[in-house]
Structure formats: C-alpha cells, structure tokens
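Please read them with the coordinates open.

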Amino acid sequence: MRTDPFTDTWLFFLGQQSDQVGLGHGRWLVVAGFALLVLASLFIALREWIEDPAQRNGRDLTMWALRVLVGGMWFQGMLWKLPFLSVENGLYFWTGEEVTNAAFQIHRDLVKNVLLPTPNFYILDVFVFLTELTFAASLLLGLGVRIAGAIGVAFVAQLWLGLYLHPQEWPWTYVFLAGLMGLFSVFAAGRSLGLDADLRRRFPPGLTRGWAASFVRVAT
C-alpha cells in the first residue's frame, strides 16, 4: 500500500516495498543493484559537470534528473516480472488482461494463442525483464539512450494498444511515457551528464573508426 512519495522511495531503498518483500532474501540483490546504478549515475553526472563546462546548465541538469526518474520507474516496474518461470507474477496477470482489453482483435488473439501459453510465456517473461532492466540501466547511466529511447517507444506502444480498453487504465498514460522515451532518443539525453557525453569526447564522430565509432554515432 502506498503512503507518500518520500516514504515510499525510502522504503524502496530499504527493500521494504511489497514487490521487494515478495522476493525474500533475493530482494537484497535488487536493492544493491538499484543503489549501485543510482550511485553510478550521480558519480557520472558529477564527473561530467566538472570535466565539461558546456553541460553546466539547467537544461542538462533537468534532462539528467528526468532520465534518473524514468530509469527508476523502469527498474521498479521490472520487479513485476519476478519470479522467473512462473505464472504467478505481475507480468502474467497484465499480459492476460490484454486478451480482453487490447484495442484490436488480432492483438488479443496473439496474446491468447502465442504469448500466454507455456513455455512461450517463460521466454516472454525473461525477455521483458531484461528489456526493462536495459531501459533502467541505460537511462540511469546515460548510456546508449538514443537506441534505448527508440526501442522504448515501440515497447510502450504495445502496452498502450494492449490495455487500451481496460477500465482501470488511462491510455494517455502510455502516450506520455512513449513521448518521454521518444524525446530522450531524439534529444540524445545521454549527452546530458551521462556516459554518452563521455563517449562522444573520447570517440568523436567522424574522427573515429571501427565498432566504437559506429556505436557512438548510432547510440549516443
């Protein structure tokens, strides 16, 4: 049960929220992983602030803060996909809701006949978990944000259409989230106090060749 944003955030860092408690002792791995990502994000932002005067402005600071908040959302959301190889987690429930609430019949049939049956669902579970973990790490660290943001738009669009008719969902919620992920990609949010900014200094596009140049040019 939620209390207030400040208490809930503190409880999340302590591993005391319901999604975490349900993982048993495994929740401490989750707590440690999130803490490391947040600390790394702070360290990277501070280093970029010091090393690159061009990033010492309100725009980049705001972009970093938004990245961290949305990255934290993805990290918390991935906990619904645990435990693996189980039909007793949040992902199974909400995927099942798409059978009756997707906007189009072809989508409902795909979920019912392809995604939900085992062992297909187990594969989906791992895939979605890793995808959301990747979004979280990318946004918190500011690494490969242009690619992560673009993929995120498609990922959220599936949720938008899949739960479009759900009486307890507001479709615009997913439109806003997809829009944020799209903006992170278009405006290359990883260049704002993130690792993408560091990579572009070390491997300037146009002056670097090989796989590093390709990654920097496309992902950052």
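This is a predicted model: local features need pLDDT of at least 70, side-chain atom pairs count only at pLDDT 80 or more; totals for chains, interfaces and linings use all residues.

1. The largest pocket has a volume of about 1600 Å³, and its lining is made up of 45 residues.

2. Turning to where the lining of the largest pocket comes from, helix α4 (residues 58-78) gives the most, with seven residues. At least two residues each are supplied by α1 (5-13), α2 (18-21), α3 (27-51), α4, α5 (90-101), α7 (120-141), α8 (145-162) and α9 (171-186). Sorted by class, the lining comprises 25 nonpolar, 12 polar and eight charged residues.

3. R67, which is placed in helix α4, deserves a separate look, since it is buried and yet has no salt bridge. The nearest side chain of opposite charge belongs to D196 and is 7.2 Å away, whereas a salt bridge as counted here requires a nitrogen and a carboxyl oxygen within 4 Å. Leaving aside residues up to four places away in sequence, R67 touches L139, L140, L141, G142 and V145, together with F184, A189, G190, S192, L193 and G194.

4. L193, one of the residues that R67 touches, has a phi near 55 degrees, a positive value in a residue other than glycine. L193 is found in the loop between α9 and α10, and at 2% relative accessibility it counts as buried. A188 is placed in the loop between α9 and α10 (195-202), and its phi, near 45 degrees, is again a positive value in a residue other than glycine. With a relative accessible area of 5%, A188 is buried.

5. One joins L82 and P83, with omega about 0 degrees, and P83 is placed in the loop between α4 and α5. Another joins T118 and P119, with omega about 5 degrees, and P119 lies in the loop between α6 (105-115) and α7.

6. Which residue partners E48 in a salt bridge? The partner is R47, and the closest N and O atoms of the pair are 3.9 Å apart, a value to be read against the cut-off of 4 Å. E48 is buried, with a relative accessible area of 0%, while R47, at 22% relative accessibility, counts as partly exposed. The side chains of D60 and R59 likewise meet in a salt bridge, at 3.0 Å from N to O; here D60 is buried, with a relative accessible area of 7%, and R59 is partly exposed, with a relative accessible area of 47%. A search of the whole structure finds eight salt bridges.

7. R202 forms a salt bridge with D198, the closest N and O atoms being 2.8 Å apart. Both residues lie in helix α10, where R202 and D198 are four residues apart, about one turn of the helix. R202 is exposed, with a relative accessible area of 54%, but D198 counts as buried at 7% relative accessibility. Through salt bridges that share partners, R47, E48, E51, D198, R201 and R202 are joined into one network.

8. F104, in the loop between α5 and α6, and L165 are 61 residues apart in sequence and 9.7 Å apart in space, C-alpha to C-alpha; F104 counts as partly exposed, at 49% relative accessibility. G58, which is found in helix α4 and counts as partly exposed at 48% relative accessibility, is 16 residues from W74 along the chain, and the C-alpha atoms of G58 and W74 are separated by 24 Å.

Technical notes:
Residues are numbered from 1 along each chain as its sequence is written. Side-chain values use heavy atoms; hydrogens and water are left out. Buried means under 20% relative accessible area, exposed over 50%, partly exposed in between (1.4 Å probe, protein chains only). Lys and Arg count as positive and Asp and Glu as negative; His and the chain ends are not counted. Contact means heavy atoms within 4.5 Å. On a 1 Å grid over the protein atoms alone, a cavity is a set of points where a 1.4 Å probe fits but cannot get out, and a pocket is an open set with protein on both sides within 12 Å along at least five of seven lines; lining residues have an atom within 4 Å of a point. Grid points are joined across faces, edges and corners, and a volume is the space filled by probe spheres set on the points. Ala, Val, Leu, Ile, Met, Phe, Trp, Tyr, Cys and Pro count as nonpolar, Asp, Glu, Lys and Arg as charged, and the others, Gly among them, as polar.
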